[in-house]
Amino acid sequence: MYKPELVNTIKSYNGKQFVTDLIAGIIVGIVALPLSIAFAIASGCSPETGLYTAIIAGFCIAALGGTRCQIGGPTGAFTVIIYAIVNNPQLGVGGLATATVLAGIMLILLGVLKLGGLVKFIPYTIVVGFTAGIAVTIATGQIGDFFGMHPQFPMTVMGTEYAKMPGTFAGKIAVYANSLSSINLYSLIMAVVCLVIIFLWPRVTKKVPGSLIVIILATIANIIISNIAGDNPAWHTDIIRDRYSIPNGLPKPALPDFTLSTIQTVFPTAVSIAVLAAIESLLSAVVADGMIGSKHDSNNELIGQGIANIFSPLFGGLPATGAIARTATNINNGGRTPVAGIVHAIVLLLIMMLFGKYVEYIPMSALAAVLMSVAWNMAGIPAIRKLLKGQKSDITVLSVTFLITVFIDLTYAIGIGLIFAAFLFIKKMIDVSEVQESRGTIVSGITGDGQEETLDVPSGVLVYEIDGPLFFGTVRKFELAVERAGAEFKVLVIRMRNTIYLDAGGLQALDQCKAACDRKGVKIVLSGIHTQPYMLCEKTGMADKIGRENIFDNIDGAMTRARELVQA
């Protein structure tokens, strides 16, 4: 039954907890301000859309989710998808709103159907690969503001004409390379100093993020320097006000375009948004659980995330999910219930209404530095190093997902990464699976109590042991092995103690083996069969074909039955 975590925590709520939640909510709300703006700009949208997202979605995720301390809003994971769709002339912001609402509906369905645990089945290598790819894409998109470049469009680079900043990695690099002469030294110095402060600030304190400090310091410093330098272009760096304006309130809600053609076009993007929102929100919830010793409800959390992603675009917002860094900041400052997340949303609304005009003075180079630090943290360098020391199959999945994310599209990266992971897993299962033939007196492995096992295989009996699952990938190995059974054998014992899984392909192989043995007058005895293979044999009638009297859970009973059949 769906019950938001807010309902559970409010029962024992008290004034003391409200004070700590209030303080944490105020702090994380202030921290979320530059990040929300930065992620919106990196997505190719105006800064207020990031604020709308943090306010509307942040409120819904806290009030309606299944986690005690989750802080929701725009995150770096979505910037690649959003940038691609808003720069698509056929879709734009309207198409993004439709895709986000569809993703919200998908998330609610996942929660209602109690499929929250399915997110755990996405391989770790894929998560690391596309996260690193997103990090590279975010960093690439900030090169222009970091260096203070002003590319002049239209621009022709190596025979390709660009009317505006392209969305592809290669296109951006080409434009930047052609715009090196426009680098602004003042912007570059400001960005570098901001980046250094961000990385060194944790040595001072970890309660207040360095991103907030550099935004404040850079804004004040730029105002002072601009007043001193006057109109000197060498001492000018773009600020938010040069490109955007911050409104002083929320817009009126508006429904997105739900025509069939638009839905068909944005559906793959909606799936990607839903998957990313589910992964990042549940990962953030797990981190929060570890920090405060609680336990979240993944299905309720997905429902809350879904509702947030339905309402966010109605008010001009972007896709949203749980933000790990902001959630950790909330917890570190005393936030222990969803009330802190609600306060955070209210604080952002008040800031936008009362101080929006001051936000417009934030330098773009400082925001670029903040996003560069976000990209570095997202890249997961330690995790990549560990994976690169591991199996070739893991390295392959990681590399394929990363390269497709960077050079093609995140939507394809997830799908193709899953295909590669599944294919390589199947190949691995095939490689480790064996079908071993046993004749005469044999010594094979150990028994269940750890003792060495010796079998006396009588004349006229052939034993084949299947080591691993018998499924469509290993069927041919099994077929080749049983084909070697000559007519001089009266009994074929198929030992399945290491076969815990059987699929339709494996069942068909058993059926064909049974038919071949019937033609030769050879009886089949199954030994050491596990629950799943046995249940499948029962349901499909294979147990009756082989004969229930010829199916055993241990080798001793199977060998006794084999001797009886040989002597018959």
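I223, I346, L350, M353, L354, F355, Y358 and Y361 make up a nonpolar surface patch with about 760 Å² of accessible area together. Such patches take residues with over 30% relative accessible area and no salt bridge, nonpolar side chains (Val, Leu, Ile, Met, Phe, Trp, Tyr) being joined within 5 Å and like charges within 9 Å. A salt bridge is a side-chain nitrogen of Lys or Arg within 4 Å of a carboxyl oxygen of Asp or Glu, and areas are Shrake-Rupley values with a 1.4 Å probe.

The model is predicted: local features need pLDDT of at least 70, side-chain atom pairs count only at pLDDT 80 or more, and totals for chains, interfaces and linings use all residues. Residues are numbered from 1 along each chain as its sequence is written, and side-chain values use heavy atoms, without hydrogens and water.

Helix α15 (residues 338-359) supplies the largest share of the patch, 6 residues; helices (H or I, at least four residues) and strands (E, at least two) are DSSP runs numbered from the N terminus. I346 lies in α15 and is partly exposed at 42% relative accessibility, where buried means under 20%, exposed over 50% and partly exposed in between.

Strand β9 (residues 491-498) is largely enclosed by the rest of the structure, because 6 of its 8 residues are buried. Strand β8 (residues 461-467) pairs with β9 in parallel over 6 bridges; pairing requires at least two DSSP bridges. On the other strand, β10 (residues 523-527), 5 bridges join it to β9, also in parallel, and V491 stands opposite K523. From β9 the chain passes through helix α21 (residues 504-520) to β10 in a right-handed crossover, that is, clockwise from the first strand over the helix to the second with the strands pointing away from the viewer.

How values were computed. Buried means under 20% relative accessible area, exposed over 50%, partly exposed in between (1.4 Å probe, protein chains only).
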